[in-house]
Amino acid sequence: MTNLFEAIKKIADQNPEGFTVQLPDLSWVTSGYISAYKETQNCFGDEGLTKALEHALSHNNIVGGWKNEDNKMFYFDSSKTFDSLDEAIKFGLENEQIAIFDLNTFREIKL
Amino acid sequence: MKGIEKLNLSNDKKKLLDKSEISFKRFARIYFEVLRCNGIEVVVKVWQLDNPAKKYLSAKELIDRTKGVFSGIVPDDLKINCRPVPYEPNDLRSLTIDDVKKDLDHFGLKPKDLVKLLDIDKSSLSLILSENRELSKANRAMFYYLIKYLTVSFNEKHAFSGLNHAHNFI
């Protein structure tokens with residue numbers, strides 16, 4: 001967990017625009033429809049990363065983040081990918097998301 | 001989002017635009033900037049940078065994604081005009097002699113044609129193409145921009161007159 005925490009912090013520092021990686025190998029997630037879990041909304045800083053990481057490890061092993069340029073804080077989340085658009089939309093709505101993202105075509109799907 | 005202050009929108013709608021941009025930036029390295037808004041149209045620059053997925057959208061796709069972000073947020077009677085800038089990989093640094101040879105083949109060019117096109121001596125060119133002389137930065141740039149020029153010229157000529165052979169340039 002400590003190693004993953006440090007490794008993800010490093011990825012975050014190198015990718016302030018954002019990143020989404022699969023655990024534990026830290027490979028980039030590049031396909032499917034992706035939606036975040038509501039439990040990891042507003043997770044920021046070290047505490048936020050710990051929460052998102054713990055959630056990801058006990059759910060779908062996907063963690064990501066981006067730097068908020070307004071307050072310069074890093075925000076983290078735990079996410080899930082889907083092959084089916086219908087399932088992704090259902091999950092997104094259940095998790096109170098305003099949109100999901102299609103990683104195959106780089107298209108935002110507003111909910 | 002850059003230039004968002006130019007839009008006469010509620011804070012809630014501006015937040016929605018910002019959230020969209022965060023997703024596009026995070027997942028696709030796609031960025032938006034509102035260039036101007038005059039009540040008739042909103043002009044948005046959209047561009048993509050290199051991204052970990054190595055997927056790049058065309059100008060048409062960038063326009064489509066921009067309209068997807070702004071429609072439903074800006075008033076329906078406001079025309080959304082886009083200025084797309086697709087990502088162009090900088091392949092200058094990675095150009096090899098093999099790449100050069102493939103491109104020359106593609107254009108049907110022989111070493112003697114290059115001698116004429118580039119005004120360089122035949123022996124120097126032979127050394128480079130046979131990889132007995134290392135490809136210098138200057139030579140790499142020379143080949144890179146020659147191929148770029150040939151590609152653009154070829155496409156233009158091909159489009160207008162149906163010419164399909166690079167010897168038309170020599």
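This is a predicted model: local features need pLDDT of at least 70, side-chain atom pairs count only at pLDDT 80 or more; totals for chains, interfaces and linings use all residues.
How many residues of chain A are in contact with how many residues of chain B? Residues are numbered from 1 along each chain as its sequence is written, while chains are lettered from A and ligands numbered from 1 in the order in which they are written.

**View 1. Where chain A meets chain B.** Here 13 residues of chain A are in contact with 19 residues of chain B (two residues are in contact if their C-beta atoms, placed from the backbone, lie within 7 Å). On the side of chain A that touches chain B, β6 (99-102) and β7 (107-110) of chain A each supply at least two residues. Helices (H or I, at least four residues) and strands (E, at least two) are DSSP runs, numbered from the N terminus. That side of chain A divides into seven nonpolar, three polar and three charged residues. Ala, Val, Leu, Ile, Met, Phe, Trp, Tyr, Cys and Pro count as nonpolar, Asp, Glu, Lys and Arg as charged, and the others, Gly among them, as polar.

**View 2. Two helices packing in chain A.** Look for helix α1 (residues 2-14) and helix α2 (residues 45-57) of chain A, which pack at an angle of about 115° with their axes 11 Å apart. Axes are lines fitted to C-alpha atoms, for helices over the stretch in contact, and angles run from 0 to 180 degrees between N-to-C directions. From α1(A) come A:Leu4, A:Phe5, A:Ile8 and A:Lys9, which meet A:Leu49, A:Thr50 and A:Leu53 in α2(A). The residues of this contact divide into five nonpolar, one polar and one charged.

**View 3. Two backbone details in chain A.** The peptide bond from A:Leu23 to A:Pro24 is cis, with omega near 5°. You can find A:Pro24 in the loop between β1 (19-22) and β2 (33-36) of chain A. A:Asn42 has a positive phi of about 60°, although this residue is not a glycine. Its place is the loop between β2 and β3 (43-44) of chain A.

**View 4. A three-strand sheet in chain B.** Three strands form an open sheet in the order β1-β2-β3 (chain B), with mixed pairing; two strands pair if DSSP finds at least two bridges between them. The edge strands, each pairing on one side only, are β1 (30-37) and β3 (79-85) of chain B. β1(B) and β2(B) pair in the antiparallel sense over seven bridges, and B:Tyr31 has B:Trp47 in β2(B) as its bridge partner. These two strands form a hairpin with three residues between them, and B:Gly39 in the turn has a positive phi of about 90°. Strand β2 (residues 41-48) of chain B and β3(B) pair in the parallel sense, also over seven bridges, and B:Lys45 stands opposite B:Arg83 in β3(B).

**View 5. Helices on the sheet of chain B.** Helix α1 (residues 11-28) of chain B packs on the sheet and touches β1 and β2 of chain B, its direction making about 145° with that of β1(B). Helix α2 (residues 59-70) of chain B touches β1, β2 and β3 of chain B, and its direction makes about 140° with that of β3(B).
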